[in-house]
Amino acid sequence: MASFTCGAHGTTGGMGIELSGPYPGEITVGVVDANKVAHLLPLFSDSNHSEAERYVEGKEGGGGRVAIERNITRDYLWCTDRITGGATTLQIYSPFFSIPDPATATPAQLAFACCPCIHLEVVFNNSTTSAITGIFGLTIDHRWSSLGARTGGNLIGATSRDTIGFATQTPGARCFIDFDAVSAINRRHQSPEFLLGPTAGLEIEVPAGETRTLSVALGFFVDGVATYNREMRYYYTRHFTSLTQALSYALEHRQAYLTEADARNRELADSPLSDDRKFMIAHATRSYYGSTQWLWDGQASVWVVNEGEYLMMNTFDLTVDMLFHEMRMNPWTVRNVLEQFVCNYSFQDTVFHASDPNHALPGGISFTHDMGVMNHWSPTGQSAYEVAGLDRQCFSHMTCEQLTNWVLCTGVYFAQTSDITFIQRHRTIIHGCLQSLQNRDNPYPSARNGIMGFDSSRTQGGGEITTYDSLDHSLGQARNNIYLGGKMWASYLALEYMLASLGDTALAEQSAAAASLAAQTISNGFRSDLGYIPAILEDNNESAIIPAIEALVYPHVMGLQSATASSGPYGFYIDTLKTHLSSILRNGLCLYPDGGWKLSSTADNSWASKIALCQFVASQILEFDFGEAESIADAAHVAWQQKGAMQYACCDQFRSGEPIGSLYYPRIVTNVLWLHSDATKGTL
């Protein structure tokens, strides 16, 4: 839950912990020439406007003229962001790698994995005939303390409240603290570290015709209790006792971290993906890791991914989409979250039919939407989001969808790890999930059709919704929704696979029968007059939705290729979905004028994460070849991020290319699926 956010020209940024967006500070990077003119990258407020090129006056009489570098180039790789302007290159390293399972890894491996630092490299190239000064500075809303005084000069840098800080061991580097970076360089007083100032940074002299590089570690540290109601600390406090120690460790192991970053960079660069898709993967991965928390509850690790700007903890309908990245990098985190849901955020309910809301019938086990918000764990069996008494509106319960999410995550985890011990340990839960899914179809077996028809009693007479909570009924309503119906079909397939592996043959056969029923019901909903399957199989609904195809991804990555093949047992369903998608991917239904994908024909609210998932399903499972239309769509989706959402890091929800919510969001890391070509079908 820590980040260093920068890159958008003319706005604020900086280092922040547990925030819902970029830190609102100033970043000063550039050189001061022999004439006392500061040539800066446009990474601070108003620096994208001509009036920023002005004379600045410090509070104590210092000052200098500022000239903003306008000719900026940027190289945005998977782990490295390189911004160059004039004589300055700022390179930010955000290395990620497989986090070893804390239950089996060595202390040395875990210390390396959890060190709460990232790395910068600031290169100053002096092509003039006079010496210049290179500067890197951060302005915050608190104050700074000098690291040099505290470490006997071993570290040069500064910290604020011992929670954020930066350090270098670059020879010749000096720390400054002042009202602003330019005034610090042009100071009239004789104290380089003027503690009244909110700006701290590093400076280094660059002789004529030479180059100097500042190697900097940025660190974050929260000591003591980090979460409430269930008290936990950050995991890194088991290996580091202070921010200073973490910064020292990061600098000592700097080359190893940069090697990891280079390996990821090459992996993405060597893929056959387009530049637009490479950008989207790089952008999403940063936003995902900026939302993560690795915690310690006193006995074991606890993994949390916060929901971007909303800061809800382990939102389950994000977990099921981020699953593909986590299975690729850190499968133990999937197991960890699934067991948290079982132990603390599962419950039993009853169900009712909308025509008779006072008649309670057997329901079964399900799981909450999330585990809490803003570091506050919710009470057992309760989410922060869901409330009763709403009928298919935001904040209603998502009981059926969260049930499918536990089943699907468990199925994928087991299929890709062969962790039989895990499903044996949760055998009773798996049995209960099958019964609960069937009851949410219909508690009376003879009346079942395979998809959800009964709402949870937790709604108290209202109606359930899906993860698409801010859309209209086409995707927001859970009951008789073909998107959720598809997830129920996939859940039955996952249950069949797991139950067969457990030797529960009769229950596996029940699951297979339920899957067939769901596929048949959805296929039978196809309307030849429309050319597609309406989103809701009731009330003469005519909405067209792309996510009807979404759930095909789960059997695919489980290695159940026959289930998604036209020649397989569900071939009729697969072929119907192909016809459905080919009919709706057109302007006026599910394409925007810019070529971007519109998830619902009746709602102007499209989500980057779900688009990426459905693009993968369309091309890799349904075998669509979109030709030039694919690159047009990708360019549109990139423009949504780079222009529409330029100040918010990666965002998920857009209305006609403009962000409307889900800012600073982790879920888009779903797009890691693009890295898996036909040659790697069924494996992540």
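How many of the six residues of strand S9 (residues 88-93) are buried? Before the answer, some ground rules. This is a predicted model: local features need pLDDT of at least 70, side-chain atom pairs count only at pLDDT 80 or more, and totals for chains, interfaces and linings use all residues. Residues are numbered from 1 along each chain as its sequence is written, and side-chain values use heavy atoms, with hydrogens and water left out.

**Stop 1: strand S9**

Select residues 88-93. Six of the six are buried, so S9 is largely enclosed by the rest of the structure. Buried means under 20% relative accessible area, exposed over 50%, and partly exposed in between (1.4 Å probe, protein chains only). Strands are DSSP runs of E with at least two residues, helices are runs of H or I with at least four, and both are numbered from the N terminus.

In a regular strand the side chains alternate between the two faces of the sheet. One side carries Thr 88, Leu 90 and Ile 92. The other carries Thr 89, Gln 91 and Tyr 93. Both faces are covered.

**Stop 2: the partners of S9**

S8 and S9 run antiparallel and are joined by six bridges. Two strands pair if DSSP finds at least two bridges between them. Pick Thr 80: its bridge partner in S9 is Tyr 93. Then go to the hairpin of S8 and S9, with two residues between the strands. Gly 86 takes a positive phi near 60° there.

Gln 91 stands opposite Glu 121 in S10.

**Stop 3: the whole sheet**

Zoom out. The sheet is open and has eight strands, in the order S7-S8-S9-S10-S17-S14-S13-S12, with antiparallel pairing. Its edge strands are S7 (72-76) and S12 (145-146), each pairing on one side only. At the S12 end, two bridges join S12 to strand S13 (residues 156-160), again in the antiparallel sense. Ser 146 stands opposite Ala 158 in S13.

Show helix H4 (residues 243-252) next. H4 packs on the sheet, touching S10, S13, strand S14 (164-168) and strand S17 (211-220). Contact means heavy atoms within 4.5 Å. The direction of H4 makes about 135° with that of S17. Axes are lines fitted to C-alpha atoms, for helices over the stretch in contact, and angles run from 0 to 180 degrees between N-to-C directions. Then show helix H6 (residues 275-289). H6 lies across S7 and S8, running at about 80° to S7.

**Stop 4: rings**

Select Phe, Tyr and Trp. The structure holds 33 aromatic pairs. Rings (for Trp, the six-membered ring) pair if their centres lie within 6.5 Å; planes under 30 degrees apart count as stacked, over 60 as edge-to-face and the rest as tilted.

Start with Tyr 234 and Tyr 236. Their ring centres are 5.2 Å apart and their planes are at 5°, so the pair is stacked. Tyr 234 is buried at 5% relative accessible area, and Tyr 236 is buried at 10%.

Jump to Trp 597 and Phe 626. This pair is edge-to-face, 5.6 Å centre to centre, with 75° between the planes. Trp 597 lies in the loop between helix H16 (571-584) and strand S26 (606-607), and Phe 626 in the loop between helix H17 (608-621) and helix H18 (628-644), so the pair ties together parts that are 29 residues apart in sequence. Both residues are buried.

For a cluster, select Tyr 235, Trp 294, Trp 296, Trp 303 and Trp 332, which are linked by ring pairs.

**Stop 5: charges over rings**

A charge sits over a ring if NZ of Lys or CZ of Arg is within 6 Å of the ring centre and within 35 degrees of the ring normal. Arg 277 lies over the face of Trp 674, at 4.5 Å from the ring centre. Arg 458 has its charged end over the ring of Phe 347, 3.5 Å from the centre.

**Stop 6**

For Cys 343, the nearest cysteine sulfur is that of Cys 433, 14 Å away. Cys 343 is exposed, at 57% relative accessible area. For Cys 400, the nearest is also that of Cys 433, 11 Å away. Cys 400 is buried, at 0%.

Key: A disulfide is a pair of cysteine sulfur atoms within 2.5 Å.
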